[in-house]
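Here is a short report on backbone geometry and overall layout. Have the sequence and the model at hand.

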Amino acid sequence: MTSTSASRASAAAAALLSCLLFLAGCNTGPAVDEVFPLEDATLVSVNAVITARFSEDLEPASVNAYTLGVYETATQAPVAGNISYRNRVAVFSPVAALKYSTRYTARISKSVKDTDSSGLDEDYLWSFTTGAPNVSSQAVTILTPADFTN
């Protein structure tokens, strides 16, 4: 093989590899780009709404109670909530306040699909901990013996 033909073969192989990599990139599934609360966040409000932003548009019907959930980490007890999806953001809104000083895990199933029916590579999990009650903001009434006399 001459150096010219070897150079052409090398260029053809590089072009083929470039095309394959481009095509493979077009069929990748969605990825989770950002979550709230952040992984391992502490002092999270018991009224927090849990969100996940994705790298691409999802099939809205694939974001549901089977593919997105939150549960207490220690007991595995599920948290009841409403789920919505819009503009690449999935939202889990608990129907009641979360418990104070409790660790929670949020899970997005690999069954969540993009508009090309590609799913996540694997389930995506992250955890966070709610804060303690803010005792300093609660009203305290101090009674004295004079308060009990007529």
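Leu43 lies in strand β2. Strands here are DSSP runs of E of at least two residues, and helices are runs of H or I of at least four residues, numbered from the N terminus. Leu43 is not a glycine, yet its phi is positive, at about 60°. The residue is exposed, with a relative accessible area of 71%. Exposed means over 50% relative accessible area, buried under 20%, and partly exposed in between (1.4 Å probe, protein chains only).

Asn87 also has a positive phi, near 50°. Asn87 sits in the loop between β5 (81-86) and β6 (89-94).

| Residue | Relative accessible area |
|---|---|
| Leu43 | 71% |
| Asn87 | 58% |

The model is predicted: local features need pLDDT of at least 70, side-chain atom pairs count only at pLDDT 80 or more, and totals for chains, interfaces and linings use all residues. Residues are numbered from 1 along each chain as its sequence is written, and side-chain values use heavy atoms, without hydrogens and water.

Now the cis bond. It joins Phe36 and Pro37, with omega at about -5°. Pro37 belongs to the loop between β1 (32-36) and β2 (41-44).

Next, the whole chain. The protein has one helix and eight strands. Their order from the N terminus is α-β-β-β-β-β-β-β-β. Of its 150 residues, 31% count as buried. Among contacts (heavy atoms within 4.5 Å) with a separation of 6 or more, 66% are between residues 24 or more positions apart. The accessible surface is about 9900 Å², and carbon and sulfur atoms account for 56% of it. Areas come from the Shrake-Rupley method with a 1.4 Å probe; for residues, only the protein chains shown count as cover.
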